[in-house]
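Let's take a walk through this structure together, starting with a pair of helices and working towards the core. Keep the 3D view open as you read.

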Amino acid sequence: MTILVTGATGNIGRKVVDHLLARGVRAVRALTTNPVKAALPMEVDVAVGYLRRPETLPAAFEGVEALYLAPTPDTVEEVLRLAREAAVKRVVDLSGEHESWWGGVAKAVEACGLAWTHLSPGDFMENTLEWAPQIIATDAVREPYPEGRSAPIAMSDIAHVAAVALTRNGYEGRSLSLTGPEVLSRVDLAHRIGAARGRPVEFVQVTRDEAVEALRPGMGANAEWYVDTILQGSVDWPAEVQPTVEQVTGSPATTFAQWAQQHAEAFRG
């Protein structure tokens, strides 16, 4: 069967392509706006298109049985209509709770008439890359909530689960809650990055406004939203580990220490 990966050059979509190939899937099609820049493996069928321009999608959907859907709430209903008209049978989407920013994606997928599986991840380990500029400059992280806690997950683990759900029956009609293997505080994350880079990283508690300014070089206008939503949420929302990654893939979820070792150079400068 042909599997279409949308957002195929994004942080998770590109990893979904790799995990599908590793599982021996021979008919992988990747949706991208720039095939040359994408640098996808030669065995991948590259389709030119963009989820936010649904008129570019019909050719990409031809002959597709299963679809990995990156989150684009503004066009998701039209995209799913085109997928249904093309006789796509299954969609695995990256979304979240109905009340969340991604809720519109989840609701549209459930209503579209296709077999569906939601991937509902918590905090991404990769979010800590936003710390890199201040760690490189000061050997410190400046945030307001040292007590904030989460069970962060590596994007590669999300992609691995997606690849399994796209190729194996049994996950239809389910929302898979995805976390990493341990609950960690913001201070824990900083210390593990320090251990990986070979130079300690101090956690410095600052005000909300100071944290926004510290994150602005890497996040721009999103810094305020991140502090008020994600960081504040890490204090307000309970954090717990879900065993889903290992249950679905058969492999333990990546620990943050392992992830930090893999990305240590990004924090060294």
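Start with helix α9 (residues 208–219) and helix α10 (residues 222–236), which pack at an angle of about 125° with their axes 7 Å apart. An angle over 145° would count as roughly antiparallel and one of 65 to 115° as roughly perpendicular, so α9 is oblique to α10. Their crossing is right-handed. Keep in mind as you look that this is a predicted model.

Which residues make the contact? On the α9 side they are Arg 208, Ala 211, Val 212, Leu 215, Arg 216 and Met 219, and α10 brings Asn 222, Ala 223, Glu 224, Tyr 226, Val 227, Asp 228 and Leu 231. Sorted by class, the contact of α9 with α10 holds 8 nonpolar, 1 polar and 4 charged residues.

Now turn to a second pair. Helix α1 (residues 13–22) packs against helix α7 (residues 155–167) at an angle of about 55°, and the axes are 8 Å apart. These two helices are therefore oblique to each other as well, and α1 passes α7 in a right-handed crossing. From α1, the contact uses Lys 15, Val 16, His 19 and Leu 20; α7 contributes several residues, including Met 155, Ala 159, Ala 163 and Leu 166. By class, there are 7 nonpolar, 4 polar and 1 charged residues in the contact of α1 with α7.

Which residues of α1 are buried? They are Gly 13, Val 16, Val 17, His 19 and Leu 20. Their cover includes strands β1 (2–5), β2 (28–32) and β4 (64–69), along with α7. Just after α1, Gly 24 takes a positive phi of about 85°.

In soluble globular proteins, nonpolar side chains tend to be buried together. Here the largest nonpolar core has 36 residues, and Ile 12, Val 16, Leu 20, Tyr 68 and Leu 119 are those with the most contacts inside it. Among the elements that each supply at least two residues of this core are β1, α1, β5 (90–94) and β9 (174–178). The largest share, 9 residues, comes from α7. Apart from this core lies another, of 28 residues, with Leu 189, Val 227, Phe 256 and Phe 267 among them. Val 227 is also one of the α10 residues in the contact with α9.

Methods
Residues numbered from 1 in each chain as written. Predicted model: local features only at pLDDT ≥ 70, side-chain atom pairs only at ≥ 80, totals over all residues. Heavy atoms only, no water. Axes fitted to C-alpha atoms, helices over the stretch in contact; angles between N-to-C directions. Helix = DSSP H or I, 4+ residues; strand = E, 2+ residues; numbered from the N terminus. Parallel < 35°, antiparallel > 145°, perpendicular 65-115°, else oblique. Left-handed = near helix turned anticlockwise from the far one by under 90°. Contact = heavy atoms within 4.5 Å. Nonpolar A, V, L, I, M, F, W, Y, C, P; charged D, E, K, R; others polar. Buried < 20%, exposed > 50% of the residue type's maximum accessible area, 1.4 Å probe, protein only. Core = buried A, V, L, I, M, F, W, Y, C linked by side-chain atoms within 4.5 Å.
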